[in-house]
Amino acid sequence: MMIKRIPHRSTHPADSAAHPAAEPVVTAADCGLLLVRLTFGLLMAAHGAQKLFGLFGGDGLTATGKGFEALGYRPGTLFAVLGGLSELLGGLGLALGLLTPLAAAALIGVMINAMVTVTGAHGLWDTDGGVEYNVAIAVVALAVAAIGPGRLAVDRFFPWGRGGWGAAAVALGLGGIGAAITLAL
């Protein structure tokens with residue numbers, strides 16, 4: 001008579017740590033984070049392209065520069081270039097997961113400026129011209145910096161690609177400093 005022996009599976013934590021379950025190469029969380037980064041980043045990049053190049057129905061640099069002058073930024077064209085490049089490069093950086101804390105900082109800085117000079121006086125809701133949209137953009141950028149861009153990103157090979165408190169602090173700190181300098185000029 002043959003007896004089949006079923007291997008004993010230990011429930012002891014030390015034994016399970018020695019044989020971890022194989023983690024999938026790409027998880028739903030990786031794909032979800034990629035979706036957020038691509039959607040958010042490419043929309044922000046397109047918003048910057050509207051300002052700089054007049055693409056996607058935008059006014060282009062000359063008209064955007066005049067709008068910035070009307071807000072008190074002088075010279076308006078220089079600040080339009082800074083704002084447009086911050087949105088374009090920050091958006092592309094987030095979409096690619098490239099230099100994520102710096103990309104987030106660029107977007108946070110622009111949104112702080114928008115809140116101070118345009119939307120802050122109108123309250124919270126976007127329907128009243130308020131800060132709702134700007135806050136949402138800044139928070140998403142900060143959250144991506146804090147979480148990290150994920151495994152489907154260029155930054156996965158670098159220490160800052162894991163996110164964390166340091167990456168979030170860099171994004172918020174540099175965004176705030178950039179905004180403060182811009183507003184002081």
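Q: Which pattern does the protein chain follow when read along the sequence?
A: The model is a predicted one. Its secondary structure comes to seven helices and zero strands. Read along the sequence, the pattern is therefore α-α-α-α-α-α-α.

Q: What percentage of the residues in the protein chain is buried?
A: A residue counts as buried when its relative accessible area is under 20%. The protein chain has 185 residues, and the buried part of them is 36%.

Q: Among contacts between residues at least 6 apart in sequence, what percentage joins residues at least 24 apart?
A: Contact here means heavy atoms within 4.5 Å. Of the contacts in the protein chain between residues at least 6 apart, the part that joins residues at least 24 apart is 61%.

Q: How many nonpolar residues does the contact of α2 with α6 have?
A: From α2 come Leu 33, Val 36, Arg 37, Phe 40 and Met 44, and they meet Ile 137, Val 140, Ala 141, Val 144 and Ile 147 in α6. By class, this contact has no polar residues and one charged residue, and its nonpolar residues number nine.

Q: What is the handedness of the crossing of α4 and α5?
A: Helix α4 spans 76–96, and α5 spans 100–119. The axes of α4 and α5 come within 8 Å and cross at roughly 145°. The crossing of α4 and α5 is left-handed.

Q: How many polar residues does the contact of α4 with α5 have?
A: In α4, Gly 83, Ser 86, Glu 87, Gly 90, Gly 91, Gly 93 and Leu 94 meet Thr 100, Ala 103, Ala 104, Ala 106, Leu 107, Val 110 and Met 111 in α5. The contact has seven nonpolar residues and one charged residue, and its polar residues number six.

Q: Which element gives the most residues to the largest nonpolar core?
A: This core has 17 residues, of which Phe 40, Met 44, Leu 94, Leu 107, Met 111 and Ala 141 touch the most other members. The elements that give two or more residues to this core are α2, α5 and α6. With seven residues, the element that gives the most is α5.

Q: Which residues does Ala 141 touch, not counting residues up to four places away in sequence?
A: Ala 141 is one of the α6 residues that meet α2. Ala 141 is also among the core residues that touch the most other members. With residues up to four places away left out, Ala 141 touches Phe 40, Leu 94, Ala 104, Leu 107 and Ile 108.

Q: Is Ile 112 buried or partly exposed?
A: Ile 112 lies in helix α5, and touches Gly 175, Gly 176 and Ala 179, not counting residues up to four places away in sequence. The C-alpha atoms of Ile 112 and Gly 178, 66 residues apart along the chain, are separated by 9.4 Å. Buried means under 20% relative accessible area. The value for Ile 112 is 24%, so Ile 112 is partly exposed.

Q: What distance separates the C-alpha atoms of Ala 169 and Ala 146?
A: Ala 169 has its place in helix α7, residues 165–184, and is partly exposed, with a relative accessible area of 49%. Ala 169 and Ala 146 are 23 residues apart along the chain, and their C-alpha atoms are separated by 8.3 Å.

Q: Which residues does a cis peptide bond join?
A: Pro 75 is found in the loop between α3 and α4. Omega is about -5° for the cis peptide bond that joins Arg 74 and Pro 75.

Q: Is Phe 56 buried or exposed?
A: Phe 56 is found in the loop between α2 and α3. Its phi is positive, about 55°, although Phe 56 is not a glycine. Over 50% relative accessible area counts as exposed. Phe 56 has 59%, so Phe 56 is exposed.

Technical notes:
Residues numbered from 1 in each chain as written. Predicted model: local features only at pLDDT ≥ 70, side-chain atom pairs only at ≥ 80, totals over all residues. Heavy atoms only, no water. Helix = DSSP H or I, 4+ residues; strand = E, 2+ residues; numbered from the N terminus. Nonpolar A, V, L, I, M, F, W, Y, C, P; charged D, E, K, R; others polar. Core = buried A, V, L, I, M, F, W, Y, C linked by side-chain atoms within 4.5 Å. Buried < 20%, exposed > 50% of the residue type's maximum accessible area, 1.4 Å probe, protein only. Axes fitted to C-alpha atoms, helices over the stretch in contact; angles between N-to-C directions. Left-handed = near helix turned anticlockwise from the far one by under 90°.
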